[in-house]
Amino acid sequence: MKLVSNLCRGAAGVTLAAFAAMPAWAQAAATAAPTVNKGDTAWMMTSTVLVLMMIVPGLALFYGGLVRSKNMLSVMTQVGAVCALAMLIWVGWGYSMAFGDGGNAVIASFSKVFLKGVSSSTTAATFTTGVAIPEYVFVCFQMTFAAITVALVLGSVVERMKFSAVMIFAAIWLTIVYFPIAHMVWGSNGYFLTKGALDFAGGTVVHINSGVSALVACLILGKRIGYPHEPMPPHSLTMTGIGTGLLWVGWFGFNAGSALEANGSAALAMMNTFVGTAAGGLVWMLVEKLMGHKASALGFCSGLVVGLVAVTPAAGNSGPLGAIGLCSVAAVVCYFAVTKLKPALGYDDALDTFGVHGVGGMVGAIGTGIVYSAALGGPAGDSWPGIGKQLIVQLETVGTTIVWAAVGTTIAIYVAKALTGLRVSRETEFEGLDIGEHGERAYNY
Amino acid sequence: MKLILAVIKPHKLEEVREALGDISVQGLTVSEARGYGRQKGHTEIYRGAEYETNLVPKIRVEIVVEDGFAERVVEAIQHSARTGSIGDGKIFVLDVEQAVRIRTGEQNDDAL
C-alpha cells in the first residue's frame, strides 16, 4: 500500500446538498467523485478478516507452541488482549494519527479522533483514480495491521513480563511508535512515502518496527531465569506448525489485500506470497542440513515465516523470481541471526522476534529496492531512478525506523516499568505465568 | 506372588502384550515413563539451541503373577521386547506380600 490516503470524505453528503442548490454543477461533481467498487470492497473485507486470523489464533498458536507449557495461556492471552486493545485505540486516535487529514510528515492530525466524520458513505481511495472502497473497510483493514504488529513485539518478552505491563506498554507503544511510522510509510504526506520508499504491505511498519522494538524491550526487561543454561524447549511444535499455517493463509489478506483492489497487483502479491514463502521454508532446512544438523520442523516453520516477512515489502514490487531470490537470502541471513548472533550476544529474544521479523524485515526492505528492477522481473517503469538511488531511500527508511522504534520502545517500557514493576516475581516465573498471572492452567490431564 | 516390572522401548509394547497374551497372562498395568541406562539419551536442537536429553521415553509394564508362573512371564517379555540394540530396557522381579481384589475382597493368588 504505497499510496493510500487521498480519502474522499463525505462525498455523498456533499453532493446531495449540492444537487439541491445547483443541479448542473452537482452532476458534474458526482461523475468525478470516486465510485465504490463492490468487487474491491468484498476482497478488502475478506483480506481484513484474514489478517485477524493471523493474530487469533495464528500468532497466538505460533508463539504459544514455542514457550513452555506453564506459559501457554499467558502467551495466548497477551496476544489476544493487545490485539483487542489495539482495535479500540485505533478507532480512538490511531486511525486519525496515521491517516487523518493534513498533519505533517510524521503524524497526520487528530481530526478523525473516535472516527469523527467517518460514516458508511465516506470512502477511501485505492490506487486507481476514481475507484474507492468504503472508508470503514479501510479503517478496519489498517486496524488489523496495528493489532498484529504490537502482538508480534511480545515474542521477545514472553514467560516473564507482567500482564499489566504488557497492556500499558502496548497502549504507549502503539501511540508513539506504530502510528507515526504507519503515517510516514503510508500517509499521503508521510516522510518515507514522499521520499519514494517502496514498502508494499508493511515490511518497515510491521516487521522492522516490531523486530527492533522486541530487541530493545527484551534487553531492558532482562533474560528469563535460567537462560541460556536451562533447557527451554518449545512445548508443542504441533501448535507452532498450525500457527504457521494460519499465518501463511492469513498473509494473503495482508499482502494481496495491500493492493486495496482485487486486480493484477493483488494477484502478483498473491503469487509472491506463495513462492517467496515456499523458498524461505526450504532454504532454512537446507542451511540446517549444510550446517550438519537435521532438517527440522521448527526450522521449516521459521523459514516460512522469514519468507513471509521478507516478501511483505516486495509482494507487489517484485516478480516471482525476485521474490524467491529475496526470501532465500533472507532465510540464510535469519538462520545465522537466530542460531549464531543471538547466542554470541547473549540477549534473550525468547521467540526470535528480532531474528526473524527484524532481520528478515531489513533484508526484505533493502532487497525490495533491488528486485523492483524490471531487469530482475520487477514492475519498475521507465521513470524509476534505478537500484542505486532506490537503495539509498530504502536504507534511509530502514535506519529511521530502527532509531524511531528503539527510542519509542525505551520510553514505553520504562513507563510500564514505573507503573507496574514490569517483571513477574521469581516465584511466578518458576511456577509459570498461566497460574501466576491468570489463575489457570493450559492443560489439565 | 511375584511382581514383574519391565521397562521397555515404547514401540515394543504391542509385541510384549501379544506375547503375554499367548501365555495367558490375565492382566497388566502400563505407564509411560522416562529414564536412562546405558542408552544416554539424545540431542535436541531448536533454532540452534542444543539440549542434551538424558531421559528417554520408555514404557513401564507391571504384572503380578503366582510364584511358579514368573519365570515364563520374564522369558516372554525378554523375547518379545528385544531388538538387540542398546536401550532395550530391563526386567525386575520382586516378591509381593499381599494382593486384594477390591470388588470381592478375595486375597492373594485368588485375587490375581
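Colleague: Which residues touch the most other members of the largest nonpolar core?

Modeller: This is a predicted model, and in it A:L59, A:V79, A:V150 and A:A151 touch the most other members of that core, which has 146 residues.

Colleague: And which helix gives the most to this core?

Modeller: That's α6 of chain A, residues 163-186, with 16 residues in the core.

Colleague: Back to A:L59, what does it touch?

Modeller: Leaving out residues up to four places away in sequence, A:L59 touches A:M54, A:V79, A:I148, A:A151, A:L152, A:G243 and A:L247.

Colleague: How many residues are in the other core, the one lying apart?

Modeller: That one has 14 residues, including B:V16, B:V61, B:I63 and B:V65.

Colleague: Switching to the sheet in chain A: what's the strand order?

Modeller: It goes β1-β3-β2, an open sheet of three strands with mixed pairing. The edges are β1 (35-36) and β2 (123-125), each pairing on one side only.

Colleague: How many bridges join β2(A) to β3 of chain A, and do they run parallel or antiparallel?

Modeller: Three bridges, and the two strands run antiparallel. β3 covers residues 131-134.

Colleague: What stands opposite A:A124?

Modeller: A:I133, over in β3(A).

Colleague: OK, which helix packs on the sheet touching β2 and β3?

Modeller: Helix α5 of chain A, residues 135-153, and its direction makes about 70° with that of β3(A).

Colleague: And which one lies across β1 and β3 of chain A?

Modeller: That's α3, residues 38-66 of chain A, running at about 45° to β3(A).

Definitions and conventions
Residues numbered from 1 in each chain as written. Chains lettered and ligands numbered in written order. Predicted model: local features only at pLDDT ≥ 70, side-chain atom pairs only at ≥ 80, totals over all residues. Pairing = 2+ DSSP bridges. Helix = DSSP H or I, 4+ residues; strand = E, 2+ residues; numbered from the N terminus. Contact = placed C-beta atoms within 7 Å. Axes fitted to C-alpha atoms, helices over the stretch in contact; angles between N-to-C directions. Core = buried A, V, L, I, M, F, W, Y, C linked by C-beta atoms within 7 Å. Buried ≥ 20, exposed ≤ 12 C-beta atoms within 10 Å, placed from the backbone.
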